[in-house]
Amino acid sequence: MRRETEILIIGAGVVGCAMARVLSRYETEILVAERMGDVAEGASKANSGIVHAGFDAKPGTDKARLNVLGAKMYPALCAELNVPYKGNGALVVAFQEEDRATIEKLYDQGQRNGVPGLRIVEREELLRMEPNLNPSAVCALEASTSGIVSPYELVYALADHAALNGVAFAFNKPVTRVERTENGFLVRAGEDEIACRVLVNCAGIGSAEIHNQLHKEEEKLKLIPRRGEYHVLDHPEKAPFERTIFQCPTAMGKGVLVTPTAHGNILLGPTAEDIADGTDVGTTAGGLADALEKARLTWPGVSTRTEVTNFAGIRAHEVKGDFIVGETAPGLWEAVGFESPGLTSAPALAEEMGAAIAASLQLRKKETIAPPYRKAKPFNEMTDDERREAVTADPLNGVLICRCEVVTEAEIRAAIRRPVGARTVDGVKRRCRAGMGRCQGGFCAPRVVEILAEELGLPMTAICKGSGDSYMLTGEI
Ligand SMILES: Cc1cc2nc3c(=O)[nH]c(=O)nc-3n(C[C@H](O)[C@H](O)[C@H](O)COP(=O)(O)OP(=O)(O)OC[C@H]3O[C@@H](n4cnc5c(N)ncnc54)[C@H](O)[C@@H]3O)c2cc1C
């Protein structure tokens, strides 16, 4: 199929969807081409979910600037989009006296980056703040503006809002060829040829391949896929740590953390391992053992008895270490090497780059903008009175499908019916948490398959677990 659009965004991660949402405020035509079957299928779904305060990046870099700006935007953005976010604060802990210099350097860097709410906390106070912390802790940098967010729920909300304002999404469209034309670009995406005036490259680990097709030899980039593996523990009655606990950073990144998630689970990880295949998100026995061993330094009492799952994400590491953002060639706007703190920085980059693209195309602002899609309050967060009311309004609120996470049939159907709705079992799981709990879908997955088939008008054998040919059923017996 041949298609035309004014703006083509490649990649539906947090950057692509944030860009789409910002640009949807203007009178223009926007298409997002994504190689997978859903939004948030790359790094944006598999990360620590930390809204970094901004002390970690080198002063003067785009990373530092966009991190601090992005972190400031998060509380209001998540409130507007109804996305789980908590300003729980963070501690970077020194476990030996020699690490004190690193803590002081991070404090100083944070001051230079303009991060508010930083202070150095000594051992006694530290152990009062976080009693489960290893008592060998010496001191820590406290960052009170650090937060936790549900990363994929943010991407779903950004995509929904963009779609409500006219952005089109094309899934299962891997971009394999990009070339310059007289009026812009011609892009091969799956079976489609897409002509556009402006190209926005937000393809994460795939972004260098696109960049390199449009730049001279000396401007070509190389991304190193750096895998990070995690353990996910069930949500305990009482969280062992209120804050996100980092260890001192190393040359490979911010190191292994222990943190509550926005949904109250406990996350241990990530490891940092350079690998050859940027799509290999498999976890390994060695990686998981390494993550656990390192987490033990922070939390000597750690146990994986309540582990519900594990996962890995791939960082798109560029050797020079800074983000490559902006208009790198006429009409070509990019976010390459957008590794951590990319989740934190994405909203700020989108505002900045979106405004610049709109100015370059002399786009007019729309007179009215549709408000964001509002997901109903999750059933498991409702009071008994609210539950009674919800069941009266829609009896499907009284049909419990996921017992572990207390998710109802009404919520699953709503996840499928959203503007950019779930099409797979994993898409349902991440949108409403059915299958996120202790049994990992052992009980509810067959019902979710049935509901997906009904809602999408497909046979159950056509329903997949996630992107690609991951069919849940092989046939009828
Ligand atoms: C282990 C780990 C931990 C992290 N922790 C944090 C954190 O706590 N806080 C933080 O701020 N940041 C964190 N990050 C960084 C953050 O996750 C990323 O910076 C952010 O998600 C990048 O978003 P993106 O949209 O650029 O990339 P992605 O989310 O990867 O999206 C890119 C999209 O492009 C698609 N694509 C790729 N190639 C093509 C193609 N040729 N055609 C069509 N589509 C294509 C992909 O399928 C993908 O959907 C972490 C990253 C990792 C891996």
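Which residues in α2 meet which residues in α8? The model looked at here is a predicted one, where local features need pLDDT of at least 70, side-chain atom pairs count only at pLDDT 80 or more, and totals for chains, interfaces and linings use all residues. Residues are numbered from 1 along each chain as its sequence is written.

On the α2 side, the answer is Leu66, Asn67, Leu69, Gly70, Ala71, Met73 and Leu77, and these meet Thr344, Ser345, Ala346, Pro347, Ala348 and Leu349 of α8. Contact here is a matter of C-beta atoms, placed from the backbone, lying within 7 Å. This contact divides into 9 nonpolar, 4 polar and no charged residues, with Ala, Val, Leu, Ile, Met, Phe, Trp, Tyr, Cys and Pro taken as nonpolar, Asp, Glu, Lys and Arg as charged, and the others, Gly among them, as polar. Helix α2 covers residues 62–81, and its axis comes within 7 Å of that of α8, at a crossing of roughly 90°. Axes are lines fitted to C-alpha atoms, for helices over the stretch in contact, and angles run from 0 to 180 degrees between N-to-C directions. The two helices are therefore roughly perpendicular, the label for 65 to 115 degrees. Helices (H or I, at least four residues) and strands (E, at least two) are DSSP runs, numbered from the N terminus.

Next comes α1, where 10 of the 10 residues are buried, so the helix is largely enclosed by the rest of the structure. Buried means that 20 or more other C-beta atoms, placed from the backbone, lie within 10 Å of a residue's own; exposed means 12 or fewer, and partly exposed is in between. The buried residues of α1 pack against β1, β2, α5, β12, β20 and α8. With α5 (residues 151–164), the axes come within 8 Å and cross at roughly 30°. That makes α1 and α5 roughly parallel, a label for angles under 35 degrees. Among the α1 residues that meet α5 are Val14, Cys17 and Arg21.

Around the ligand there are 40 residues, of which Gly13, Gly42, Gly204, Gly206 and Gly342 come nearest; a residue is near if its C-beta atom, placed from the backbone, lies within 6 Å. By class, this shell has 19 nonpolar, 16 polar and 5 charged residues. At least two of its residues come from each of α1, β18 and α8.

Elsewhere, Ile120 sits in strand β6 (residues 118–122) and is partly exposed, with 16 other C-beta atoms within 10 Å.

Conventions. Angles under 35 degrees count as roughly parallel, over 145 as roughly antiparallel, 65 to 115 as roughly perpendicular and the rest as oblique. Two residues are in contact if their C-beta atoms, placed from the backbone, lie within 7 Å.
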